[in-house]
Structure formats: structure tokens, C-alpha cells
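Here's a quick walk through one model, taken piece by piece. Have the viewer open as you read.

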Amino acid sequence: MSRPVTLFTGQWADLKLEDLCKKARDFGFDGLELACWGDHFEVDKALSDDGYCQRKRDLLEKYDLHVFAISNHLVGQAVLDKIDARHKSILPAYVWGDGQPEGVNHRAAEEMKNTARAARKLGVSVVNGFTGSSIWHLTYDFPPTPKSMIDDGFQLLADRWNPILDVFQECGVKFALEVHPTEIAFDIYTAERSLQVLDRREEFGFNFDPSHLIWQGVDPVEFIRAFPDRIYHAHMKDAKVTLNGKSGILSSHLSFGDSRRGWDFRSVGRGGVQFEDIIRALNHIKYEGPLSIEWEDSGMDREHGAREACQYVKNVDFKPSGRAFDAAFSD
């Protein structure tokens, strides 16, 4: 194994962190990617209680687990989104407040700044998350969308995220956007445009996740090749397209896990992602960070899936060659 295999705790936030630590160690994981919800990592407590981060580290060390990144996807989503009732269920009460959209956007932005400060206190250098998007609903381009509306959406990214990224810069922490439908960057071209509008500042990069690309028809390996210096973190997550003549790629407003969907997430190694190709691409760009399993499979027991996925990723990972195979042919 050349890289640590970690478990993203977001889908396990119904468990107390110590309970999850016990399970993760038993499953074979080397560490946890701590979600900023549940009791796994609480940004407000990290900043108000000087002993909070050390207690988290002590707990992880008790179970011989490491932490390389924290993740605040849910709050990040509310920075650019047009706020509606859905956001209340994913935000801390102090970020939601009275639910007035402008205030929610502002408080979410402040919380992301605080997430950078909390990451510094914990001693990690990467925060994974979402940006949200004010223009996702314009994806289909009908009614015809003036170019200016798309331009305004990307400009809003710069206006709202540059002040956040200034704090990340001050803290020596990088923000890794998980390129994902409903985000300002959801494929290669929108990721490139996001970098451009942010003047390619180093604080902004990507949490590579192949599952969100493959069902769109985007080759995950091409994403790695497009952004070799911006892959700040990597999720190991799988998905499978199951178009059968009835199902559609837009999933027909059907919930995850519904067999009628045209695609769905799968446990790692059970979908359509070619993970060996991804490992080779990550080796090529010299990515040395963790391989973090984000486990989402509505059709499988999660403990079975987490244990199996951990072993699968450890088996599929390998170090790059230090020499050409034909070097032994010459004198």
C-alpha cells in the first residue's frame, strides 16, 4: 500500500465519533476524514474550546487512526445556492438563523472561513467541501439562457469565495471542491472556468471523486490529467449507469436506491469506475494523499460495504515503478 486509506465520516454521522473509530479500526482503515456535522468535528467548538482539537486527536490516536482532512460540504453548499427550505435540514441552526436567504449565504460564508481556522487548529491542511451554485438550475439552457446569466454565476463564485479563500491562505489551508452536480463546477469545463475566475489561486483545488463524473459520461482519468496540480484530496467512490430503455440519466425525480433510476451509487468496486486506471493516473501526477472511501450504496449494509471497500482499495492501490521495466535489457 502506498497511500493511507481513510473513511469519510459524513454518512456515519448518526454514530458517535468514538463508536465509529472502533468500527473503522476493525474494518481496517488507516484514518478518518472528519465531517463537520454530528459530533465528528464541530467548527464552533473547535474555535471556542482550546482543548477540543487535541481531544479529537487523542481519540483518533487511541484507535491508531490518522486524520488528513476535514469536510464541510453542507455549509459550503449554502454559500452560492439560492436558499430555500431544503437547506434548513443540512445546516447548523446558527447558520440557518431566521432562514432569510441573504443572511444564510452570509453566515455560511463566515462558517467556511471559520472552518479554515478550525482546520489549522486541528493540524490538517485540506478542507473538502462544496461551493453551491446560483446557476445550476440553468443547466439545460431552456428557456434560452443569456450568456450574461452564466457569467454572473461564475462572478458570484469570485465575489463570495475570494474572501473565504483569503482566510484559507492566512491559515495555510487549501479548499478542495468536490466537483459534483449542483456545484458551480460539475465537470472538466466548469472546473476549468472556476479556476479561471478565481485567478487560479493556490488555495482552491479539487477533491477528486470519480462517482460524480462517470454517470455524466466524463472520464475520471481525464479529470486528473486536466488538473494534475489541483488534486488536493481523493475520494474512492463508485457509481453505475443502468439505462434500460425506460430509465433516464436525469433519474426521473426518483430517490437514490430506487431500482428505476438510470444511475446510482455503488459500493467501491461494484460499479463502473475503473479504479486501477485512477491509481495509475494518481501515480502519474505524484498524488501522495489519502484515498478516502465515501461509502454510499442504498442496496448494501454499510458495515459490510465499508469493510469490503477498505480492503478493495488497499488491494487496488500500488506504488509507481521506480525504473523502466526494460532497464535490465541494457548493459
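Predicted model: local features only at pLDDT ≥ 70, side-chain atom pairs only at ≥ 80, totals over all residues.

## Helix 6 and what follows

Residues are numbered from 1 along each chain as its sequence is written, and side-chain values use heavy atoms, with hydrogens and water left out.

Helices here are DSSP runs of H or I with at least four residues, strands are E runs of at least two, and both are numbered from the N terminus. Helix 6 covers residues 101–122, and at 1.5 Å a residue its 22 residues should span 32 Å; the end C-alpha atoms sit 31 Å apart, which agrees. That expected span is 1.5 Å times one less than the number of residues. Among the buried residues of helix 6 are Val 104, Ala 108, Met 112, Lys 113 and Leu 122 (buried means under 20% relative accessible area, exposed over 50%, partly exposed in between, with a 1.4 Å probe and protein chains only).

## The barrel

Eight strands make a closed barrel, in the order 1-2-3-4-5-6-7-10, with parallel pairing; two strands pair if DSSP finds at least two bridges between them. Strand 1 (residues 5–8) pairs with strand 10 (residues 291–293) over three parallel bridges, and with strand 2 also in the parallel sense over three bridges. Thr 6 has Ser 292 as its bridge partner in strand 10, and Gly 31 opposite it in strand 2.

Strand 2 (residues 31–35) has five of its five residues buried. Gly 31, Glu 33 and Ala 35 lie on one side, with Leu 32 and Leu 34 on the other.

## The largest pocket

The largest pocket has a volume of about 1800 Å³. It is lined by 49 residues, with Trp 136, His 180, Pro 181, Thr 182 and Phe 256 nearest its centre. Helix 4 (73–80) and strand 9 (263–266) are the elements that give two or more residues to this lining. By type, the lining splits into 19 nonpolar, 18 polar and twelve charged residues.

A pocket is an open set of points on a 1 Å grid over the protein atoms alone, where a 1.4 Å probe fits, with protein on both sides within 12 Å along at least five of seven lines; lining residues have an atom within 4 Å of a point.

## From the record

UniProt, in an unreviewed entry, places "domain: Xylose isomerase-like TIM barrel" at residues 22–315. Over residues 22–315 the chain is 43% helix and 13% strand, with end C-alpha atoms 22 Å apart.

Terms used:
Points joined across faces, edges and corners; volume = space filled by probe spheres on them. Nonpolar A, V, L, I, M, F, W, Y, C, P; charged D, E, K, R; others polar. UniProt positions renumbered as here; feature names shortened; annotations may be inferred.
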